[in-house]
Amino acid sequence: MKIAVLASGRGSNLRVILEQAAAGRLKAQVCLALSNNPEAGALKHAAEFGVPTWAHKPSEFSGAQSSRAAFDAAMLAAIKDAGAEAVVLAGYMRLLTPEFLREAPGPVLNIHPSLLPSFIGLHGGKDAVDYSVRISGCTVHLVTEELDGGPIIIQAACPLQAGESEDDLMGRVHALEHRIYPQAIQWLAEGRLKVEGRAVRLLPAPGKPIKPAPAPAFAHLISPALEDF
Ligand code: GRF
């Protein structure tokens, strides 16, 4: 499966996707990395792995359409030209237009640094710390027009101790993100994600029963259970 990855920042999730694909564990090829921030660290990871990049500032776009619509239309054209079959958001810090979502050449996935539906928006990790939750985590979900509101594919949870900082929590959350995102993309590549309303059902791999999620006796709770990562 060819995927286009959109990233605005340091790109640790993109890097893990590239590493897992290069190792042959993740059966996906990043055919294009796109960014609204030409300085994004993500672009350097893409270049290191020989992946073509598309990076433009939204301010370069204007005209009859609003600049947001023009920017998204240009991204979409590049994504289609690259032959992508799915779009993966990896720290992409801009809302996508409804037109982009409608015309994307396949599902659009996002990873969010909280247990949705808690703490939607740009600062999910910080908001969880400020709220003093005791368990937080991360979520991979399908992107719909509703902000951080699409059907959930996989979540992973981790504890937060009193007095711990946002950095403490985000260190743990990122480690979990780097495991669940390649897994979710692999399930998508295998055609094993069936959307039923709000629910995403994980279809069994041929000849392989679904592993039950582990009993909640562990510090990390991941559901569905990881299979490969
Ligand atoms: C991650 O925490 C992700 O959940 C959020 O943006 C961050 C991106 O991190 N959407 P990185 O750029 O992949 O390191």
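Helices (H or I, at least four residues) and strands (E, at least two) are DSSP runs, numbered from the N terminus. This is a predicted model: local features need pLDDT of at least 70, side-chain atom pairs count only at pLDDT 80 or more, and totals for chains, interfaces and linings use all residues. Residues are numbered from 1 along each chain as its sequence is written, and side-chain values use heavy atoms, with hydrogens and water left out.

**Stop 1: helix α1**

Select residues 12-22, helix α1. Which of its residues are buried (under 20% relative accessible area; exposed is over 50%, partly exposed in between; 1.4 Å probe, protein chains only)? They are Ser12, Asn13, Leu14, Val16, Ile17, Leu18 and Gln20. An α-helix has 3.6 residues a turn, so residues three or four places apart point the same way.

The buried residues of α1 pack against strands β1 (2-6), β2 (29-35), β4 (86-89) and β5 (108-112). They also pack against helices α2 (41-48) and α6 (166-189). Contact here means heavy atoms within 4.5 Å. Step just past α1 to Gly24, where phi is positive, about 85°.

**Stop 2: the ligand**

Look for polar contacts (pairs of N or O atoms within 3.5 Å). A backbone N or O atom of Asn13 is 2.8 Å from a ligand oxygen. A polar backbone atom of Pro113 lies 3.4 Å from an oxygen atom of the ligand. On His174, a polar side-chain atom is 3.1 Å from a ligand oxygen. On its own the ligand has 370 Å² of accessible area, and the protein covers 88% of that. These areas come from the Shrake-Rupley method with a 1.4 Å probe.

**Stop 3**

Most residues other than glycine have a negative phi, and most peptide bonds are trans. Go to Leu116 and Pro117: a cis peptide bond joins them, with omega about 15°. Pro117 is in the loop between β5 and α5 (124-130).

Next, select Ser132, in the loop between α5 and β6 (135-142). Its phi is positive, about 60°, although Ser132 is not a glycine. At 43% relative accessibility, Ser132 is partly exposed.

Finish at Asp148, in the loop between β6 and β7 (152-159). Phi of Asp148 is positive too, near 50°. Is Asp148 buried or exposed? Asp148 is buried, at 13% relative accessible area.

Conventions: A polar contact is a pair of N or O atoms within 3.5 Å; within protein, one must be able to donate a hydrogen and the other to accept it, and residues adjacent in sequence count only if both atoms are side-chain atoms.
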